[in-house]
Amino acid sequence: MSGIVALFDRGRGGVDSDLEAMHERIAHRGPDGDETWCDGTVGLGHQQLRSTPEAEHDDQPYRDGAAVVAGDIRLDNRATLLNALDVANGGKPVPDSRLVLAAYRRWGEACPEHLVGSFAFALWDSAAGRLFCARDCFGVKPLYYHSGPDTFAVGSEPKALVALPDVDRTPDERKIGDLLTGTFEDKERTYYRDIDRLPPAHAISVRSDGIRTWQYWDLDPTDSISLGSDAAYERRFRELFEQAVRSRLRTDGAVGTALSGGLDSSSITVVARDLLSSTEPLFAFSNVYDDAPASDEREFIELVTEREGIDSQYVFMDGIGMFDDRESMGWHYDQPPHDTMHHAIWERMKRVDETGGNVVLEGALGDSATGYGLGLIPELLRTGRWRRLAAEIQAISELGGARRHRVFLRHAVAPLVPPAVRRTYRRVRDRPVLAGRKNPTLRPEFVDRVGLDEKLRERYATGSVLKETARRRQCRSLTFGTITASLETTDLVAAAFGVEPRYPFTDRRLVEFSLAMPPTQQLSEGWTRSIIRRSLADLLPEEIRTRVWKTDMSQGFWNSLAREDDRLRRLVGDPGPIERFVDPDALRAARERFTETQNTRDARALWRALSLSTWMQTWVHTNDELREPPRALGDDSRP
């Protein structure tokens, strides 16, 4: 991942020294070069990771007349843009940054609407006296900012912004509440009160007299598309999925995939292998577990990697704790990681780097982008299409081995029960609700102080169940804040190793088609995600194409957490700064229960407390002389 910084002083003076401090803080994102540009009260910085052939001819920050741009950019509609825009580069390939600048000259602040791909950029227009920034539709590329009385600053990572003397590291307790309850719908707050995120599909325009932020793109669950046959939907989905994968194969070196053996990662891997020439290698990186057989998927991984032209790379997780590379992790995680399998991503990116690669295709958003279609079941019940409902319930029952009445209650009735009714039922049975259900270790006064219960009520208040449709349900799943948070955390890990993760299922064209097609293309004859199973039937191994369940990663998570028991014991004995948020006695009880009988509820509570404590010790309760440690692998082999 490349990195950017921008600093706009709206009244104080020069920016040179502060810009350099920000720029240096994310030097790890620039293994292939770095540069800054300053002009009095504004400055831009760029740390370059070359991951496309055109990047060799890139020179950012790139200036053309009155405008200058710095960005972490990979555009997928280059041909369309090159046809629409007047871009000259002396006969050399046109870098994506120059396409962005040309798009701005043509369409102004509406230019992000015309960009397809993954991007975060800052563009200074001296003629307009404006700093203009934008982030891609799904937030693959991160963008953080600080808006002070006289200063506006932008960075690819929060650590670039906390380098500024004006930025206070005081944590945002409301965001900490999100972490401790595992709810991440807020896409603007960060763990620092003085730093915000630009949400996905948003742009921001900053002038000396004010700031304007807006959303330039959104999904519409009322859109629909009608094709003539099932085969027509299959062909169109296949075309769009191949386009999404092909776009992300544009690289100047070897490409890899993160292969778990599930439907998403397997689909990406087999299509990538089919699209690449026979002389181009494809690496497949897979986390595997000898000591956690319930979380190991080698029986499915091998069905894919046995194909010619795929170089299988197993990343063994045995004996690895949650924070084994503590020094490097502490530096790179300038926000507490929430993903219980973050260490697996860390080890996988480390292996990608060891093989000399810098691009890996990941399966994130696959479940939502192709759609399970289960939202169709309550819609069939609510709209009286009971014959189709009975047929689907029967088929789901036969495929999954569950009794029909249980399928009916879980997938048809339960989604139509208002959340308030469910909470009342739990209270009557003396079970915890809201924040107490999410995390048994929270201090009641903290829950009240930040309004956690009320926030959770709002989170699950999705409107009238009588207006719910399958498309609305899928649309929500595509825009969950948890997706944004996961992409941002993965970005921090990938940047630590000079790797760019790419996500075919975040392709805007593919997602728009998937949401608009009839839900009956997603759920058909009991098969969830039917469209991708049918469209790739000639490429997917049959055992994977017909998988009806996902592997439970709990055992792998539990084992890694158990290896941190010494740290957990110390944390329970002295919670330190996190005692404002968690009750020490409840934390101790959770550890005792987990030690006796491993379970996910206590494991998550312990992991979140450990993650929060590690971050606060490194980034909040520390001196101002934060120093970047040696690169995670001590690898200085790249220029």
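Q: Is Glu24 buried or exposed?
A: Glu24 is exposed, with a relative accessible area of 53%. Keep in mind that this is a predicted model.

Q: Where does Glu24 sit?
A: Glu24 has its place in helix α1.

Q: Which residues gather with Glu24 in a patch of negative charge?
A: The patch on the surface brings Glu24 together with Asp16, Glu20, Asp34, Glu35 and Asp59.

Q: Which elements each supply at least two residues of that negative patch?
A: Helix α1, residues 16–25, and strand β2, residues 34–39. The largest share comes from α1, with three residues.

Q: OK, other charges. How many salt bridges does the count come to?
A: The count comes to 61 salt bridges.

Q: Why would side chains pair up like that?
A: Opposite charges on side chains can pair when the charged atoms come close.

Q: Let's take one. What does Asp538 form a salt bridge with?
A: With Arg238; the closest N and O atoms are 2.8 Å apart.

Q: And where are Asp538 and Arg238?
A: Asp538 is in the loop between α22 (530–535) and α23 (542–545), while Arg238 belongs to helix α6, residues 230–247.

Q: Is Asp538 buried or exposed?
A: Asp538 counts as exposed, at 55% relative accessibility.

Q: How accessible are Arg476 and Glu468?
A: Arg476 is partly exposed, with a relative accessible area of 27%. Glu468 counts as buried at 18% relative accessibility, because the cut-off for buried is under 20%.

Q: One more pair: which side chain does Arg189 meet in a salt bridge?
A: The side chain of Asp186, at 3.4 Å from N to O. Arg189 itself is partly exposed, with a relative accessible area of 24%.

Q: Changing topic. Which residues make the nonpolar surface patch?
A: Leu399, Val548 and Trp549 make a nonpolar surface patch of about 270 Å².

Q: Where is Trp549 found?
A: Trp549 is in the loop between α23 and α24, the latter covering residues 554–562.

Q: And how accessible is Trp549?
A: Trp549 counts as partly exposed, at 47% relative accessibility. That label applies because exposed means over 50%.

Conventions
Residues numbered from 1 in each chain as written. Predicted model: local features only at pLDDT ≥ 70, side-chain atom pairs only at ≥ 80, totals over all residues. Heavy atoms only, no water. Salt bridge = Lys/Arg side-chain N within 4 Å of Asp/Glu carboxyl O. Buried < 20%, exposed > 50% of the residue type's maximum accessible area, 1.4 Å probe, protein only. Helix = DSSP H or I, 4+ residues; strand = E, 2+ residues; numbered from the N terminus. Patch = residues over 30% accessible without salt bridge, like charges linked within 9 Å, V, L, I, M, F, W, Y side chains within 5 Å. Areas by Shrake-Rupley, 256 points an atom, 1.4 Å probe, with all protein chains shown as cover. Lys, Arg positive; Asp, Glu negative; His and termini not counted. Charge placed at Lys NZ, Arg CZ, Asp CG, Glu CD.
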